[in-house]
Amino acid sequence: MIHRRKHASLRAFWQDYSAPGWYHITICLRERGDFFGRIEWGRMIRNAYGDFVQEILDFLPYRYPDVRIDTSIIMPDHVHCLVEIEQTSLRRIPPLPGSFREWRLQRRKMTIPLLVGFLKMHTARKINCILGTQGMPLWQERYYDRIIR
């Protein structure tokens, strides 16, 4: 059985993460290392796992039509992407509830957390299947985001 520690959320509880705008997202592997490839002469050389992460990143705008991945970079042990939620977003969240608990439940319906969850889940499933390590966490529980104003 895997015991997970609960961490405080890094999300701004007043922010609607489905609102149109730009977001810089960083997602890190649970175990640091050259898992997605290596850097040679200042260039990232992706391996098959890194290529699979890129495939999922490329698929995200089809899964979430109101989202555009402007740019992304897969590093040996983490992923950066610049995401735009377009004005035509169909996933607008109603005004945020008053309590933190209510906000946590509402957050699960927001575009950015859904997008990150989709990326983490599908890459982890595929890579764990290849490695024969089903159910093992691949990514850190949390991710970092910066709302670009």
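The model is predicted, so treat the stops below as features of a prediction.

**Stop 1: helix α3.** Select residues 111-131. This helix has 21 residues. From first C-alpha to last, α3 reaches 30 Å, close to the 30 Å expected at 1.5 Å a residue. Now colour α3 by burial. Buried positions include Thr111, Ile112, Pro113, Leu115 and Val116. Further along, Phe118, Leu119, Lys120, Thr123, Ala124, Ile127 and Asn128 are buried too. Residues three or four places apart in an α-helix point the same way, because there are 3.6 residues a turn. Show the strands next. α3 lies across β1, β4 and β5. Its direction is at about 35° to β1.

**Stop 2: the sheet.** Select β4, β5, β1 and β6. They form an open sheet of four strands, in the order β4-β5-β1-β6, with antiparallel pairing. Which strands stand at the edges? β4 and β6 (144-148) do, each with a single partner strand, so one side of each has no neighbour in the sheet. On average, neighbouring strands of this sheet are turned by 15° against each other, direction ignored.

Step through the pairs:

- β4 and β5 are antiparallel, with seven bridges. Arg68 has Glu84 as its bridge partner in β5. Three residues lie between the two strands of this hairpin.
- β5 and β1 are antiparallel, with eight bridges. Pick Ile25 and find its bridge partner in β5, Cys81.
- β1 and β6 run antiparallel and are joined by five bridges. Tyr23 has Ile147 as its bridge partner in β6.

Stay on β5 for a moment. Seven of its eight residues are buried, so β5 is largely enclosed by the rest of the structure.

**Stop 3: α1 and Ser72.** Bring in α1 (48-63). This helix lies across β4 and β5, and runs at about 165° to β4. Then pick Ser72, in strand β4. Is Ser72 buried, partly exposed or exposed? Its relative accessibility is 23%, so Ser72 counts as partly exposed. Leaving out residues up to four places away in sequence, Ser72 touches Gln54, Leu57, His80 and Cys81. Draw a distance from Ser72 to Gln54: their C-alpha atoms are 8.5 Å apart, and the two residues are 18 residues apart along the chain.

Stop 4: Select residues 37-40 and 43-46, strands β2 and β3. They run antiparallel, joined by four bridges. Arg38 has Ile45 as its bridge partner in β3. Two residues lie between the strands of this hairpin. One to pick is Trp41: in the turn, it has a positive phi of about 50°.

**Stop 5: the core.** Finish inside. The largest nonpolar core has 32 residues. Ile25, Phe36 and Trp139 have the most contacts inside this core. Two or more residues come from each of β1 (21-28), α1, β4 (67-74), β5 (78-85) and α3. Which element gives the most? α3 does, with seven residues. In soluble globular proteins, nonpolar side chains tend to be buried together.

Last selection: Trp139. Set aside its neighbours within four places in sequence. Its contacts then include Ile27, Cys28, Leu29, Arg30 and Phe36. Trp139 also meets Val53 and Val79.

Key:
Residues numbered from 1 in each chain as written. Predicted model: local features only at pLDDT ≥ 70, side-chain atom pairs only at ≥ 80, totals over all residues. Heavy atoms only, no water. Expected span 1.5 Å × (residues − 1). Buried < 20%, exposed > 50% of the residue type's maximum accessible area, 1.4 Å probe, protein only. Core = buried A, V, L, I, M, F, W, Y, C linked by side-chain atoms within 4.5 Å. Contact = heavy atoms within 4.5 Å. Pairing = 2+ DSSP bridges. Axes fitted to C-alpha atoms, helices over the stretch in contact; angles between N-to-C directions.
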